[in-house]
Structure formats: C-alpha cells, structure tokens
Amino acid sequence: MAHRFVGMAGGAIIEKKLLEYGVKYVFGYSGGAMLPALDGLYGSSIEFVQTANESNAGHIAEGYAKSTGKCGLIMTTSGPGTTNLITPLQDAMNDSVPLIAFTGQVPTTVMGTCAFQECPTMELTKACTKWNHQLKSVEELPSVIDQAFHVAITGRRDRKT
C-alpha cells in the first residue's frame with residue numbers, strides 16, 4: 001500500500017482515491033456492511049445520492065455514465081444489496097457503460113456460513129461484469145480501486161482492446 005494511505009480507514013482511502021479520479025457522485029443505498037465505507041464520504045465534496053433501492057442506484061449510475069462519459073459509481077450493502085444490482089450491471093456491460101460497484105460483504109471470518117445477508121457476490125457478478133474482486137485486507141484497496149477504474153474505462157469485455 002502506498003505510504004500515504006498507511007493507517008487510514010477503508011472509507012477514507014475510498015474517498016481519497018475517488019477524488020483522485022474526479023468522482024463527484026456516488027449512487028447507492030446504505031446498509032450495515034457499507035456504513036464504514038460511506039463514513040469516508042461524510043463531509044466530502046463527493047455527493048452520495050441515496051436512492052430508493054439498489055437497482056435504482058445501478059440504473060442511475062448507468063444513466064450518469066452514459067450522459068457524462070464518466071464512470072458511474074455505486075455503493076450498496078451486502079446480500080440483497082448486491083443481488084439487486086445484477087440487472088443494471090448486465091445492462092451496463094452489454095452497452096459498454098463504465099460502472100464501478102462497491103458492495104458490502106459479511107466479515108471474512110463468517111463467509112461460507114450462510115451468515116445474515118451473505119451471498120456469493122463473486123460468482124453472481126462474474127457473468128455480468130468485466131472484472132470483480134473481493135478484498136481480503138484494507139491494504140489492497142488503493143491498487144484495487146486503480147484496477148477497477150482501468151478496467152471500467154478501457155475496452156469491452158469481449159474485445160482485446
């Protein structure tokens with residue numbers, strides 16, 4: 001992890017990295033697993049646009065990306081927060097719309113135990129995204145965000161560009 005991020009909470013890292021990429025809006029629906037990440041946006045110049053549900057957040061982010069040419073950003077909680085994003089993720093992939101979705105997940109210590117609001121995020125999103133990744137530690141966050149932006153804004157999934 002870059003020295004400037006050492007000791008920072010995940011939410012603060014997300015906020016700093018999104019500012020580096022010129023992000024002005026994040027669309028989403030808050031929930032338990034994402035609250036620490038959303039805390040990083042509190043007081044930021046990045047506006048969190050709370051939507052009626054996660055699917056709306058995905059479609060609004062997609063519309064934002066189509067109308068501005070910028071990457072659309074989404075934040076949702078785990079479980080149903082993630083499953084409700086499948087349709088907008090698939091639509092964005094089919095239309096080559098750059099989206100990045102941050103979704104919550106249960107703690108790594110209870111993954112695979114059918115914990116409250118756990119779902120197989122990686123498996124569900126593999127077919128409807130160009131790339132997905134599950135964090136194992138906060139130290140990965142800066143480079144994973146860089147990779148997410150790179151993948152979102154370059155080439156189509158089915159092309160070598």
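Modeller: Buried means under 20% relative accessible area, exposed means over 50%, and partly exposed lies in between (1.4 Å probe, protein chains only). By that rule Lys 17 is buried, with a relative accessible area of 4%. The model is predicted, with local features needing pLDDT of at least 70 and side-chain atom pairs pLDDT 80 or more, while totals for chains, interfaces and linings use all residues. Residues are numbered from 1 along each chain as its sequence is written, and side-chain values use heavy atoms, without hydrogens and water.

Lys 17 sits in helix H1 (residues 10–20); helices (H or I, at least four residues) are DSSP runs numbered from the N terminus, as are strands (E, at least two). Beyond its neighbours within four places in sequence, Lys 17 is in contact (heavy atoms within 4.5 Å) with Arg 4, Phe 5, Pro 142, Ile 145 and Asp 146.

Elsewhere, the axes of helix H3 (residues 54–68) and helix H5 (residues 86–94) come within 7 Å and cross at roughly 20°. H3 and H5 are therefore roughly parallel (angles under 35 degrees). On H3 the contact involves Ser 55, Gly 58, His 59, Glu 62 and Lys 66, and on H5 Thr 87, Pro 88, Asp 91 and Ala 92.

Two cysteines are also buried: Cys 71 at 11% relative accessibility and Cys 128 with a relative accessible area of 3%. The structure holds zero disulfides (cysteine sulfur atoms within 2.5 Å), and the sulfur of Cys 71 is 15 Å from the closest cysteine sulfur, in Cys 128, too far for a bond.

How values were computed
Axes are lines fitted to C-alpha atoms, for helices over the stretch in contact, and angles run from 0 to 180 degrees between N-to-C directions. Angles under 35 degrees count as roughly parallel, over 145 as roughly antiparallel, 65 to 115 as roughly perpendicular and the rest as oblique.
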